[in-house]
Structure formats: C-alpha cells, structure tokens
Amino acid sequence: MKDRTIGSVIAQDFVSIAPDDSLVSVLDRMRDGRLSCVPVVEGGLPVGVISERDILCLLAKKLNGESFPATARGVMSGPPITIHAHASVDAAIRLQHRRRIRRLLVVDDDGRLVGILTQSDLIDAQTQALRADRDQLEVYVCERTEELRLANERLEHMSMIDPMLGTGNRRAMDQHLTRLKDLSEHFGRGFAVLMLDIDDFKSFNDHYGHSEADAALGDMVSAVQSAIRSCDVLFRFGGEEFVVTLPETDEDSAVEAAERIRGAVEALQIPHELSSHAVMTVSLGVHVIGPETGNVDISSVIRAADVSLYDAKENGRNRTGKAVSSENAFSG
C-alpha cells in the first residue's frame with residue numbers, strides 16, 4: 001500500500017460543475033447521476049464542493065422561509081480539501097480519517113482537478129493490496145518450501161556420503177542392502193557382497209603420515225570404482241574397510257569382480273615399504289546370496305563376508321576369500 005499512489009486507484013471519469021451553473025441544473029445532475037457529492041471547478045481548479053449535507057442545509061433554510069440561491073456558488077462549501085495524485089494511498093486514508101470526510105479531490109502538479117477519491121476507491125485499493133500481498137506470500141511460501149525440500153534432499157544426500165572419499169557411508173550401505181534384501185526375498189534375485197580391507201594400512205599410515213594415507217585411500221577408491229560395474233556400489237564400512245554390493249551376481253562372477261578390484265589396486269603401485277608385497281594391496285572376502293536363499297539377514301551377510309575377508313588375511317593377504325556356506329546369511 002505504501003508504494004501505491006492515489007493516481008493509480010482513482011476513477012478517471014467524474015462529474016464537476018462550474019460556480020455559475022444554476023442550482024436547479026446542479027440538483028438535476030446530482031439526482032440523475034445519483035451523486036452524493038460534486039466538485040465545483042473554476043478554470044480547472046477546484047474551488048468548492050456541493051454535498052448532500054449542503055443540500056440538506058439548503059432545504060432547512062427553505063423551510064425557514066429563506067430563498068434558494070440561483071447558482072452553485074451560493075450553495076457550495078469550500079475551500080475543498082485536496083490531495084496530490086502522487087500522494088500514497090496510505091496518506092489519503094490517514095487524511096480521510098483525520099478530517100472525517102468520505103471523498104477527497106485529487107489534483108495534479110498545477111492544482112487542477114484530475115479525479116475524486118472515494119471510500120470505495122480506498123476499499124478497492126486495500127482489497128487489491130491484500131490480494132497482492134497474499135499472492136506474494138503464497139509465492140514466497142512455495143519458494144521457501146521448495147528451497148527447504150532441496151535443502152533436505154541435499155542434507156539427506158550428504159548424510160549418505162563419506163565426506164572424505166565421496167563413497168556411500170555405513171548408513172547408505174544399510175539402506176542399499178535392505179533394498180537388495182527385499183528384491184531377493186520378493187523376486188528371487190540374488191546378490192553378492194564383497195568386504196574389502198587395505199592390507200597393513202595402519203603401518204602405512206604410521207610410516208607415511210596421514211596426508212599420504214588419505215591420498216592413497218582416494219586413489220584406491222578410484223581404482224575400485226573403475227573396476228566394478230555401473231550397477232555395483234562401493235561403500236566405506238569404516239576406516240580402511242569397504243563393502244561392494246553386486247546385484248544379481250553368482251559366486252564365480254563375484255570372485256572375478258573381487259580379483260579385478262584386487263588387481264586394480266595392486267596395479268596402482270603405491271609404495272608400502274612395511275608390506276611384504278612392497279606396494280599397497282587389498283584383501284577381499286566374498287559372500288553370495290543365491291536367488292533361492294530365502295529370508296536374508298543383512299547383519300549375517302556382512303559377518304559372512306567379513307569371515308571370508310579374515311580367511312584371505314590369514315592366508316597371506318592380497319587375495320580373495322570365499323564364504324564356506326551361505327546358510328549363515330539367512331533365517332527361516
């Protein structure tokens with residue numbers, strides 16, 4: 001409302017009369033046009049107003065035996081209260097309230113009458129402003145709601161990502177394995193899980209320092225991701241331990257995938273003086289859930305893959321171990 005001017009809300013068509021117009025013609029025009037007020041204009045400038053109140057005063061004088069004046073000049077009240085067309089609607093509302101008037105004559109820079117501002121005009125202006133504010137608020141709420149939704153999506157995504165390596169984290173792994181479990185139970189689609197651990201990583205970290213260790217982790221992750229399929233997913237299980245999920249993969253294919261990963265990491269030739277292999281290597285454990293396994297227990301799947309990884313570690317590292325049986329990975 002503060003930015004809206006009177007000139008933007010007043011009606012451009014209005015009736016005005018001259019001071020020397022006959023009173024009879026003025027009354028006829030007010031009656032025919034159902035006008036409760038007409039401005040009196042001389043040379044384009046408002047000089048007075050004839051309102052219903054002025055007419056009532058005139059009738060009272062007539063009842064007292066006084067004669068009617070011949071022209072509008074003898075009836076009009078003035079000088080009229082005016083307001084500039086560039087003034088704000090808020091200013092007009094305050095002026096009407098302060099002076100207790102229902103109409104304001106609106107003038108231009110030269111003081112010429114350009115319109116009449118009524119209470120109806122102000123009510124319409126306020127209604128339009130409220131609607132505009134409501135529409136703007138609705139747009140604002142929609143925009144903020146969308147921003148909040150996107151922010152929540154980003155937070156949800158960030159909560160699933162390892163901040164250093166950009167892989168899925170433990171929480172993301174649990175959700176992903178749950179989806180694979182559901183597919184396995186409802187549609188008979190098997191899957192494989194690889195548990196991966198960097199050999200002698202503690203001694204690597206102690207010998208080369210945290211910066212070199214972090215860089216080596218990043219290189220190892222890149223090598224693993226280049227060695228797996230687009231449908232396979234790498235997760236950081238914790239520290240230097242990782243999990244790879246392989247949907248619809250049998251044991252032979254899972255072992256082949258594990259060997260590709262092992263070979264890709266060894267091919268990096270990251271020096272590791274304290275390792276018996278002289279370079280950074282990884283050991284992997286494989287566990288496969290067949291399409292007819294039944295009700296899958298996720299924690300048992302991880303334990304079975306971890307047992308396979310332990311066997312690989314015990315047998316010399318830089319190798320792949322396989323689970324002896326998949327029966328421990330399901331119940332019912």
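User: Which residues lie nearest the centre of the largest pocket, and how many residues line it?

Analyst: This is a predicted model, in which local features need pLDDT of at least 70 and side-chain atom pairs count only at pLDDT 80 or more, while totals for chains, interfaces and linings use all residues. Residues are numbered from 1 along each chain as its sequence is written, and side-chain values use heavy atoms, with hydrogens and water left out. On a 1 Å grid over the protein atoms alone, a pocket is an open set of points where a 1.4 Å probe fits, with protein on both sides within 12 Å along at least five of seven lines; lining residues have an atom within 4 Å of a point. Here 18 residues line the largest pocket, and Cys-37, Val-49, Ser-51, Ser-77 and Ile-101 lie nearest its centre. Strand E2 (45-51), helix H2 (52-63) and strand E4 (103-107) each give two or more residues to that lining. Helices (H or I, at least four residues) and strands (E, at least two) are DSSP runs, numbered from the N terminus.

User: Which residues of H2 are buried, and which exposed residues does its opposite face carry?

Analyst: Buried means under 20% relative accessible area and exposed over 50%, with partly exposed in between (1.4 Å probe, protein chains only). In H2 the buried residues are Asp-54, Ile-55 and Leu-58. Viewed down the axis of H2, they fall within an arc of 100°, so they line one face of the helix; the arc is that of the directions from the helix axis to the C-beta atoms. The face turned away from this buried side carries the exposed residues Arg-53, Leu-56 and Leu-63. After H2 comes Gly-65, with a positive phi near 90°.

User: What span should helix H5 have at 1.5 Å a residue?

Analyst: The expected span is 1.5 Å times one less than the number of residues. For the 18 residues of H5 (residues 170-187) this should be 26 Å, and the end C-alpha atoms are 25 Å apart, which agrees. At the start of H5, a side-chain oxygen of Asn-169 comes to within 3.2 Å of the backbone nitrogen of Arg-171. Just after H5, Gly-188 has a positive phi of about 65°.

User: Which residues of H5 are buried, and against what do they pack?

Analyst: The buried residues of H5 are Ala-172, Met-173, His-176, Leu-177, Leu-180 and Ser-184. Down the axis of H5 they fall within an arc of 125°, so they line one face of the helix. Contact means heavy atoms within 4.5 Å. The elements they pack against include strand E6 (191-198), strand E7 (233-238) and helix H9 (298-314).

User: Which side chain does Asp-197 join in a polar contact?

Analyst: A polar contact is a pair of N or O atoms within 3.5 Å; within protein, one must be able to donate a hydrogen and the other to accept it, and residues adjacent in sequence count only if both atoms are side-chain atoms. Asp-197, in strand E6, is buried at a relative accessible area of 11%. Its side chain is joined to that of Lys-313 by a polar contact of 2.6 Å.

User: Is Arg-236 buried or exposed?

Analyst: Arg-236, in strand E7, counts as buried at 15% relative accessibility. A polar contact of 3.3 Å joins its side chain to that of Asp-162. Beyond four places in sequence, Arg-236 also touches residues including Asn-169, Leu-217 and Glu-241.
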